[in-house]
Amino acid sequence: MRHFLLYLLSMLFTSNVFSAYLLGTERPIFLEDGCPEEIPFDCTGGFLSCKNQLMYIAEGLQGIKSWEKTAEPEEISCAKILLKSIYDSEDADTQYAIAEGYSFSSGWPPYDERKNEFKTKAVDWFKRAGSEGHAESQIELGEIYKHQDGGTFEAISWFKKAALQGNQKGQSNLAEMYTEIREYQLAVSWHKKAAEQGLSGSWLRLAEIYESGIGVPENFIKAYAWRSMYKSKWPNHGEKEMERLKNKMTKEQISKGQELASKCWNSKFKDCD
């Protein structure tokens, strides 16, 4: 959803419609240092803050250039000052937003020639924020490295940083990486942590792990409990898989699976063994 909104925003910022919009807005009152009290276009009611909107204009590599054709010199000067302050920021959320801007631009056809440059800059900014403990940046880095040859352990390192902060997505992704390298006990442990926070994807993965018995003792009762809770949340998913599991079980096992699911659900996923 975020990328779709950014796409729409980029289309607006690089269009003639946006230039006309700039010309039609009321000019703000300038301060003594040449910068307006507000960014020189009406950004109220948008889904991004004013600063983020201006940042994305610049990151689109069209905004400032097209703006220079219509804006007053003071506005251009102020925009560049504001952009510099944004790029000099040590705030992790701001660094993450810059990284997202580069990441988005790298996948947009008009910038194919600079795709690799933008990807490198995105990683750079994600690392700045991630090194400050920004969990979403750490997850993004994990996603980037897990798709690179030889990047498995770098991905694990970044996912683990987010997971240790209690981020459920980081925990789930870390569990998946441990599954890939066949560290199944660690995978179950981290899926459980994510499952305890209500991440239904980890409920399903635990069901699959216990049913298959790969790396852990096969346990149809636990598999049934986790799959049952997943189906409670997503009733239109997994019907065939549940029937397949039930066909492997005795009536007594199904009954125990139902009891365990109830106990697990009522304990908010804490008492599930």
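Reader: Is Lys222 buried or exposed?

Author: Burial is judged by relative accessible area: under 20% is buried, over 50% exposed, and anything in between partly exposed, using a 1.4 Å probe and protein chains only. Lys222 has a relative accessible area of 18%, so Lys222 is buried. Before we go on, note that this is a predicted model, where local features need pLDDT of at least 70 and side-chain atom pairs count only at pLDDT 80 or more, while totals for chains, interfaces and linings use all residues. Residues are numbered from 1 along each chain as its sequence is written, and side-chain values use heavy atoms, leaving out hydrogens and water.

Reader: Which side chain meets Lys222 in a salt bridge?

Author: A salt bridge needs a side-chain nitrogen of Lys or Arg within 4 Å of a carboxyl oxygen of Asp or Glu. Here the partner of Lys222 is Asp273, at 3.3 Å from N to O. Lys222 belongs to helix 13 (residues 220-233) and Asp273 to the segment after helix 15, so this pair links distant parts of the chain, 51 residues apart. Helices are DSSP runs (H or I, at least four residues), numbered from the N terminus. Asp273 counts as exposed, at 53% relative accessibility.

Reader: How many salt bridges does the structure hold?

Author: There are 14. One of them joins Glu143 and Lys146, whose closest N and O atoms are 3.3 Å apart. Both residues sit in helix 8 (residues 135-146), three residues apart, which is about one turn of the helix. Another bridge, at 3.2 Å from N to O, brings together Glu239 and Lys231. Salt bridges with shared partners also join Glu211, Arg227, Arg244 and Lys248 into one network.

Reader: What about rings: how many aromatic pairs are found?

Author: Rings of Phe, Tyr and Trp (its six-membered ring) pair if their centres lie within 6.5 Å; planes under 30 degrees apart are stacked, over 60 edge-to-face, and the rest tilted. A search of the whole structure finds five pairs. Take Trp203 and Trp265: their planes stand at 65 degrees with centres 6.1 Å apart, so the pair is edge-to-face. Trp203 lies in helix 12 (residues 200-212) and Trp265 in helix 15 (residues 251-266), so the pair ties together parts 62 residues apart in sequence.

Reader: Which residues do ring pairs link into a cluster with Trp203?

Author: Trp265 and Phe269. Trp203 and Phe269 form a tilted pair, 4.8 Å centre to centre with 40 degrees between the planes, and both are buried.

Note on methods:
Helices (H or I, at least four residues) and strands (E, at least two) are DSSP runs, numbered from the N terminus.
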